[in-house]
Amino acid sequence: MNPLAARGPHSVTLAARADCSVITLTGDLDLDRVEPLRTALREACTAPGAPARVVVDLSRLDFCDSVGLNALLHARSLCESNGRTLTLADPGPQFHRLLCITGADRVFDLTVSGAPDGPPGTGP
């Protein structure tokens with residue numbers, strides 16, 4: 001048995017709302033678990049008739065590595081090519097640090113619910 005399989009629940013859900021598509025990530029996002037995200041992002045970013053705004057809810061994401069970040073960067077490009085926008089919502093400290101270290105925080109639209117000072121670790 002793969003020792004990483006016991007890391008806890010992981011899920012990717014896609015919900016279409018009137019004004020946006022929302023992809024919610026739960027658990028860890030790495031090489032072993034990125035394919036469901038890629039599928040959801042591809043659908044949200046390219047499906048005819050889908051909302052013009054795609055939001056990735058990161059509030060339940062525990063860990064993300066470079067493979068997950070790459071999938072999100074690719075999705076940003078797909079959204080732009082299809083006249084859509086991609087927003088990353090409520091990144092946790094680990095993911096926000098990954099964004100800052102790589103410079104990706106400057107290319108994504110980031111939102112944080114209920115935090116007027118910006119993403120974690122950026123306030124006073």
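Contact is taken to mean heavy atoms within 4.5 Å, and helices (H or I, at least four residues) and strands (E, at least two) are DSSP runs numbered from the N terminus. The model is predicted, so that local features need pLDDT of at least 70 and side-chain atom pairs count only at pLDDT 80 or more, while totals for chains, interfaces and linings use all residues. Residues are numbered from 1 along each chain as its sequence is written, and side-chain values use heavy atoms, with hydrogens and water left out.

Five strands form an open sheet in the order 1-2-3-4-5 with mixed pairing, where two strands pair if DSSP finds at least two bridges between them. Strand 1 (11–16) and strand 5 (109–111) stand at the edges with a single partner strand each, so one side of each is left without a neighbour in the sheet. Within the sheet, strand 2 (residues 21–29) and strand 3 (residues 53–64) run parallel and are joined by eight bridges, and Ser21 has Val54 of strand 3 as its bridge partner.

Helix 3 (residues 93–102) lies across strand 3, strand 4 and strand 5, and runs at about 110 degrees to strand 3 (axes are lines fitted to C-alpha atoms, for helices over the stretch in contact, with angles from 0 to 180 degrees between N-to-C directions). In helix 3, Phe95, His96, Leu98 and Leu99 are buried (buried means under 20% relative accessible area, exposed over 50%, partly exposed in between, with a 1.4 Å probe and protein chains only). The cover over the buried residues of helix 3 includes strand 3, helix 2, strand 4 and strand 5, whereas the face turned away from the buried side carries the exposed residues Pro93, Arg97 and Ile101.
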